[in-house]
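Take a look at the structure below. The paragraphs after it walk through its parts one by one.

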Protein chains: 2
Amino acid sequence: MSALLADVPLSRSVEDYLKVIYHLSSQGGFASTSDIAAMLMVAPPSVSGMIRRLSDTGLLEHVPYRGVQLTNQGRRAALRMIRRHRVLELYLTERLDYDWDGVHDEAERLEHAVSDELIDRMARALGNPRYDPHGAPIPTAAGEIEEAVLVPLADAEIRVAYELRQVDTEDPARLRYLAGQGLVPGKGVTVMSKQPFNGPVTLILDPGGERVIGRELALLLLCRRNDA
Amino acid sequence: MSALLADVPLSRSVEDYLKVIYHLSSQGGFASTSDIAAMLMVAPPSVSGMIRRLSDTGLLEHVPYRGVQLTNQGRRAALRMIRRHRVLELYLTERLDYDWDGVHDEAERLEHAVSDELIDRMARALGNPRYDPHGAPIPTAAGEIEEAVLVPLADAEIRVAYELRQVDTEDPARLRYLAGQGLVPGKGVTVMSKQPFNGPVTLILDPGGERVIGRELALLLLCRRNDA
DNA sequence: ATTTCGAATTAGCTAAGGCTAATATTGGGC
DNA sequence: GCCCAATATTAGCCTTAGCTAATTCGAAAT
């Protein structure tokens with residue numbers, strides 16, 4: 001049945017579009033032209049053009065003036081890129097001493113050039129890890145990805161123990177600051193209070209101590225209730 | 001003085017052209033359009049087109065109907081690519097268990113995507129090595145390359161001790177065969193006899209023993225006289 | 001029900017880097 | 001010294017993937 005869906009190599013641009021569309025539509029909706037354009041830093045008409053090519057080749061479904069969704073084939077290709085990206089990020093930090101805030105750009109370029117073979121060798125060398133340096137799940141070679149139910153720290157319940165699982169940004173400055181505060185995956189966190197009007201969040205880190213962080217950052221810190 | 005020669009990023013194609021032109025003109029001559037075309041597996045008019053772009057940007061000098069030579073700027077860019085390629089080949093074999101006959105293709109794609117930073121980290125992790133897995137010298141980050149005077153085994157003097165220094169091919173089948181025969185850089189070799197009419201060469205390997213190999217392969221084995 | 005405004009699309013352009021077919025140049029053989 | 005074959009170049013086309021300007025669509029507000 002997949003004789004027609006020959007595994008033609010995808011261009012660098014196509015790979016970038018698929019990845020972005022995966023992220024934008026991962027919460028089940030459509031990805032809009034303008035959101036895609038903003039994420040890729042291209043003009044909206046460029047996106048319209050690419051959307052036509054991608055839907056012609058069956059990688060996505062386009063509802064004009066509404067948005068796009070990946071087909072199964074498109075989702076498979078996107079997850080392959082995400083696996084590459086996350087394995088690369090982990091390998092670079094673990095084996096070549098990159099900081100977690102500096103790996104993104106390097107991985108972003110390498111993910112288009114590596115073979116599946118190399119990614120699998122890297123993953124094997126790392127013991128087939130399940131999470132990247134930011135705590136994001138690494139899809140398997142078969143294309144499975146863990147769907148954990150995580151809640152932003154900003155929405156966590158007061159005085160309830162959580163575990164910080166994932167830091168949802170690639171911005172080096174934010175990552176550097178958070179690492180400096182000890183806010184890295186694996187830490188225990190308990191929110192003690194939240195100020196109103198999008199004010200700061202006060203929390204206790206374990207191990208660590210008291211911290212006060214702004215709401216913007218608190219939205220990036222994805223957590224899991226300890227009893228869940 | 002190099003304010004005008006801004007270090008504009010080069011495209012993948014441009015990097016490939018520079019590398020093959022470097023190799024074709026390394027013995028001091030001009031690289032011809034058709035040789036470049038053959039090495040890159042493109043049609044000769046494509047080469048003519050690229051030559052114009054490259055000489056417009058000052059990366060090479062073109063003498064119409066005769067060929068091209070790299071400028072200093074072009075040579076620097078080519079050596080940077082060669083450094084990348086060779087560091088990658090060594091890293092992949094040393095750290096990710098690639099065979100010396102399988103690294104070429106992977107390095108060929110990665111060399112266009114890695115940063116100088118990553119290459120330097122890999123080189124440092126390997127102890128700033130001077131030779132790649134095939135014995136080819138690795139240019140330094142500053143763009144220096146060792147110019148050793150090596151002689152093909154086919155031209156070595158009879159009953160004189162040489163050291164095998166470099167295997168000058170990237171062809172996996174040939175590399176696999178040579179490794180099977182123990183013909184790898186570092187071995188001692190002494191030619192005992194050469195058959196006429198491009199016939200086989202009989203040699204003694206140290207450590208190893210007697211081997212008989214065809215002239216085609218004997219041309220790829222670059223050696224240095226032990227007393228030189 | 002109409003208007004309006006923002007989002008999306010189409011039209012038409014550019015540059016890189018391929019291709020084939022046609023033309024120009026060069027150097028070797030006579 | 002001339003001619004031919006091999007090599008190089010030019011002419012003209014294609015695709016990818018971007019752009020701006022112009023147009024069209026749809027949904028929210030009147």
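Which element gives the most residues to the surface near DNA strand D? The answer is α3(A), with five residues. Keep in mind that this is a predicted model.

Now widen the view around the DNA. In total, 21 residues surround DNA strand D. The closest are Ser11(A) and Pro45(A) from chain A, together with Ser32(B), Ser34(B) and Pro45(B) from chain B. By class, the surface near DNA strand D holds 11 nonpolar residues, nine polar ones and one charged one.

Next, turn to the place where the protein chains meet. Here 13 residues of chain A are in contact with 13 residues of chain B. On the side of chain A that touches chain B, the elements giving two or more residues are α5 (103-110) and α6 (116-125) of chain A. The most come from α6(A), which gives four. This side of chain A has seven nonpolar, two polar and four charged residues.

How are the two chains related? A rotation of 180 degrees, with 0.1 Å of shift along its axis, superposes chain A on chain B. The RMSD is 0.1 Å. That is the relation of a two-fold axis. The contact surfaces fit this picture. Of the interface residues of chain A, 100% are also interface residues in chain B, so the copies meet through the same surface.

Definitions and conventions:
Residues numbered from 1 in each chain as written. Chains lettered and ligands numbered in written order. Predicted model: local features only at pLDDT ≥ 70, side-chain atom pairs only at ≥ 80, totals over all residues. Near = placed C-beta within 6 Å. Nonpolar A, V, L, I, M, F, W, Y, C, P; charged D, E, K, R; others polar. Contact = placed C-beta atoms within 7 Å. Least-squares fit on C-alpha atoms with pLDDT ≥ 70 in both.
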